[in-house]
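Subject: Structure for your review

Dear colleague,

Please find the structure below, together with its sequence.

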Amino acid sequence: MQKVKIGLIQAKHNIHGDEPVAVHKEVAIAKHLDMVRDAAAQGAKIICLQEIFYGPYFCAEQTPKWYEAAEEVPNGPTTQLFMQLAKELEVVIILPIYEKEPVGTLYNTAAVIDADGSYLGKYRKHHIPHVEAGERPHGFWEKFYFKPGNLGYPVFDTKYAKVGVYICYDRHFPEGARILGLKGAEIVFNPSATVAGTSEYLWKLEQPAHAVANGYYIAAINRVGLEAPWNMGEFYGQSYLADPRGSMVAVASRDQDEVLVAEMDKQLIYEVRQKWQFYRDRRPETYGEMTELL
């Protein structure tokens, strides 16, 4: 397909953090099932949900309770459920989830499901923040919950496009974004959970720059609203699709649940890469120092 409609889902999570993990997952999964169906009804062929979509951004605190939210990928119930949905709707789904391995190791992960419902693989978030945000003791305490990713930077050859995944804090690191381009990604999805006052001034700057530098589309997804009891900051939404020129194809609202559907055009990728020969003019033989400098 030369032109592909992309669906980006941003949503509030209104269940209080004191509720059991199972309650959070039940409510959020039901909500997102409906939103995926909405995106498909609008013609979206590749649909991405927000970072660990089936609950609050629990990394605002350091509490072992949230370990209960982790599931195996792809054998856990949530991945299996969305595999069935992808097959039914004939859509590709990028499913951000809290992953556990059988040995108990935990990752911030996105499963990639093809339009026939088959599981193509997963990306595990590489860059794990651990910083204060909002009023103490709240912050992005992700090292308490996640081990850094160990599966590299895969590109998935889906029915509709070659897809790469970066997750939230990864977006601040251009190295992985370049690797995804070198591996042939036509579109890179970045499901996120980020709040005003911390990163908003970078939100529409960094990722369009990745799109330009690498000649692909970027789909950035952020949740919306405040989440109790932490209220560490407003998740400012504004999910968007940016093209290889760095232009915004479409931008969602700042504070509303929304299914944003916008179109990518693969011909534009070809045209931009022919005009801006960044891949041709790279000098990888001169970059060795990067891996030697600490």
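What share of the 294 residues in the protein is buried? In this predicted model, buried residues make up 54% of them.

Overall form

The protein contains 6 helices and 16 strands. Its C-alpha atoms fill a box of roughly 55 × 50 × 40 Å along the principal axes. A compact globule of 294 residues would have a radius of gyration near 19 Å, and the protein, with 18 Å, therefore agrees with that expectation. Of the contacts with a separation of 6 or more, 70% are between residues 24 or more positions apart. The accessible surface comes to about 12,400 Å², and carbon and sulfur atoms account for 53% of that surface.

The sheet from β5 to β16

An open sheet is formed by 6 strands in the order β5-β4-β3-β2-β1-β16, and its pairing is mixed. The edges are held by β5 (119-124) and β16 (258-265); each has a single partner strand, so one side of each is left without a neighbour in the sheet. On average, neighbouring strands of this sheet are turned by 25° against each other, direction ignored. At one end of the order, β4 (residues 106-113) pairs with β5 in the antiparallel sense over 5 bridges. Within this region, T109 has R124 of β5 as its bridge partner. In general, the strands of a sheet pair through backbone hydrogen bonds, either parallel or antiparallel.

Helix α1 (residues 21-41) lies across β1 (3-10), β2 (46-48), β3 (92-100) and β16, and it runs at about 40° to β16. Helix α6 (residues 266-275) lies across β1 and β16, running at about 55° to β16.

Strand β14 (residues 240-242) pairs with β15 in the antiparallel sense, over 3 bridges. In β15, M248 stands opposite A242.

With kind regards

Methods:
Residues numbered from 1 in each chain as written. Predicted model: local features only at pLDDT ≥ 70, side-chain atom pairs only at ≥ 80, totals over all residues. Heavy atoms only, no water. Pairing = 2+ DSSP bridges. Helix = DSSP H or I, 4+ residues; strand = E, 2+ residues; numbered from the N terminus. Axes fitted to C-alpha atoms, helices over the stretch in contact; angles between N-to-C directions. Contact = heavy atoms within 4.5 Å. Rg over C-alpha atoms; globule rule 2.2 N^0.38 Å. Buried < 20%, exposed > 50% of the residue type's maximum accessible area, 1.4 Å probe, protein only. Areas by Shrake-Rupley, 256 points an atom, 1.4 Å probe, with all protein chains shown as cover.
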